[in-house]
Amino acid sequence: MFVFCSKVAVLPSGYILIGDRIIKYNYENNNIYVGDAFYVSEGKIIEINKSSEILMDTILFDFKTKTFRDVTQPYYENTYLVNLFTDITKNKNAGIKKNKDKTSSFVVNDSQIATLSGSKIISLILPGIQEIRGLPRHFGKFVCHLSIPDTEVIPDKFFEDNLVLCELNAPRLKRMRSGCFRYNKILLLLDAPKLREILSGCFERNVKLEVLNLPKIETLGSNCFKNNVALSEQLEKICGNDNSVPSGGCCH
């Protein structure tokens, strides 16, 4: 969104003044601001070519060259996030589909990978990835529905800054490292039938989780589910009256 103005006192969060324009952006990294179908680098607004490119959060996909790049990183830097999307689409057909609700979908071999509102990923499926490593801190902060059907391990601070996740599908997840989903407040159900280890600080700010299905859990780190009241009885059943688990961790 571009707005012309002559004087600005204080801009709200998520807006920046470029020349005489106030611009709403979704992400900022390395002083590069990324919005819906554009990004700002060195004070210059660069709009993507909608006929041959699609911007998903900070990841730009070129349908002609079938390549990804992170617009907040140098051209020559192949980040882990770029590699992850490259692996998902390797030797497959990728396309874009318009939806009736005015969202769009990034589709790989007729399977939906990402649903987009503007350039923001609101639904994400990452198939075929056994271990996810090194995602940028802010990536996926607009995702409401996340599916990682083949993933067994997620990294520290995975989706830490996401406040809106309401559905998580992780049927094969075994290990959740520290700080995952730390600031999420609205996820209601955690159904992880193979999850064995949750390290410290995961779901620390979530107050709405009501149902845990963790039949294989062995380790809960400190401050997991710390501010949740609804789970008290379930955590007691998992951890015991002293909130401890065999490994010596602490639930909350």
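This is a predicted model: local features need pLDDT of at least 70, side-chain atom pairs count only at pLDDT 80 or more; totals for chains, interfaces and linings use all residues.
## Ground rules

Local features here need pLDDT of at least 70 and side-chain atom pairs count only at pLDDT 80 or more, while totals for chains, interfaces and linings use all residues. Residues are numbered from 1 along each chain as its sequence is written, and side-chain values use heavy atoms, with hydrogens and water left out.

## The largest pocket

Let's start with the open space. A pocket is an open set of points on a 1 Å grid over the protein atoms alone, with protein on both sides within 12 Å along at least five of seven lines; lining residues have an atom within 4 Å of a point. The largest one has a volume of about 450 Å³, volume being the space filled by probe spheres set on the points, which are joined across faces, edges and corners. It has 21 lining residues, and Ala37, Ile48, Lys50, Lys98 and Gly118 sit closest to its centre.

Strand 8 (53-56) and strand 11 (94-98) each give the lining at least two residues, with the largest share, 3 residues, coming from strand 8. Strands (E, at least two residues) and helices (H or I, at least four) are DSSP runs, numbered from the N terminus. The lining splits into 10 nonpolar, 5 polar and 6 charged residues. For these classes, Ala, Val, Leu, Ile, Met, Phe, Trp, Tyr, Cys and Pro are nonpolar, Asp, Glu, Lys and Arg are charged, and the others, Gly among them, are polar.

## The second largest pocket

Next comes a pocket with about 220 Å³ of space. Of its 16 lining residues, Asn29, Thr72, Pro136, Arg137 and His138 are the closest to the centre. Strand 4 (27-29) and helix 1 (80-89) are the elements that give two or more residues, and strand 4 has the largest share, at 3 residues. By class, this lining holds 6 nonpolar, 7 polar and 3 charged residues.

## The cavity

A cavity is a set of grid points where a 1.4 Å probe fits but cannot get out. There is 1 cavity of 30 Å³ or more, and the largest cavity holds about 40 Å³ of space. Its lining is Leu135, Pro136, Arg137, Phe139, Pro155, Asp156, Lys157, Phe158 and Phe159: 6 nonpolar, no polar and 3 charged residues.

## Around Val211

Valine 211 belongs to strand 21 (residues 211-213). Its relative accessibility is 40%, so it counts as partly exposed (between buried, under 20% relative accessible area, and exposed, over 50%, with a 1.4 Å probe and protein chains only).
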